[in-house]
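Me: I'd like to learn how to read a protein model. Could you walk me through it?

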Amino acid sequence: MINYLVLYESLSGNTKKVATEIFSSLPGNSKDIIDLSECTSLPEARVYFIGFGIYYGSCHLEINSLLSSISKKAIALFATCSMGNSDEYKKHIAQTVSAWIEDDNVYLGAFICQGKIPMSLRCKCEHFCSSMGKGSSRALLKAFDSALTHPDRKDLEDASSFVKKCLEITKNSQVS
């Protein structure tokens, strides 16, 4: 069994960026990082960092199934979202997804940051906005454009700080 396992799914590359930062922030050599889309079997770990993109206010069902399958471990969540970058929205996502974690685990918390949206979707966004009022459409396009630089250096530094907080919690908990 290894100490740390970073598992992630990343359709756009945003979550992979955060996963790589989390992995590099973990101490020692008893760790691994795995892209779930390329995985056939998972090694057992003491602490899991599980990452995903947010789609329609949650994660994919495969992430829910994975979370439900882990027992008597420590689990931290991380995610990227392109829209809905408010703290309230992030808290809602963390609560929704963490509900799939079994009660015999130690939940370490969640780190959620903004991720960029592929430019191909901007045209769809502009088309959608043309049917909205000017104020609403400008706000939506502004939110889209502000996401273009994320996850940025600050987001990655925050992810590294999140790892440190998780490690502190695991020092004081009983995980197999």
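Predicted model: local features only at pLDDT ≥ 70, side-chain atom pairs only at ≥ 80, totals over all residues.

Me: How many residues of strand E4 are buried?

Reply: Buried means under 20% relative accessible area, exposed over 50%, and partly exposed in between (1.4 Å probe, protein chains only). Strands (E, at least two residues) are DSSP runs, numbered from the N terminus. In E4, residues 74-81, eight of eight residues are buried. Ala-74, Ala-76, Phe-78 and Thr-80 point one way, and Ile-75, Leu-77, Ala-79 and Cys-81 the other.

Me: Which strands pair with E4?

Reply: Two strands pair if DSSP finds at least two bridges between them. E3 (residues 45-53) runs parallel to E4 over seven bridges, with Ile-50 opposite Leu-77. On E5 (residues 106-114), also parallel to E4, there are eight bridges, and Gly-109 is the bridge partner of Ala-76.

Me: Where is Leu-36, and what does Leu-36 touch?

Reply: Leu-36 sits in the loop between E2 (31-35) and E3. Leu-36 counts as partly exposed because its relative accessibility is 22%. Contact means heavy atoms within 4.5 Å. Not counting residues up to four places away in sequence, Leu-36 touches several residues, including Leu-7, Tyr-8 and Ile-63.

Terms used:
Residues numbered from 1 in each chain as written. Heavy atoms only, no water. Helix = DSSP H or I, 4+ residues; strand = E, 2+ residues; numbered from the N terminus.
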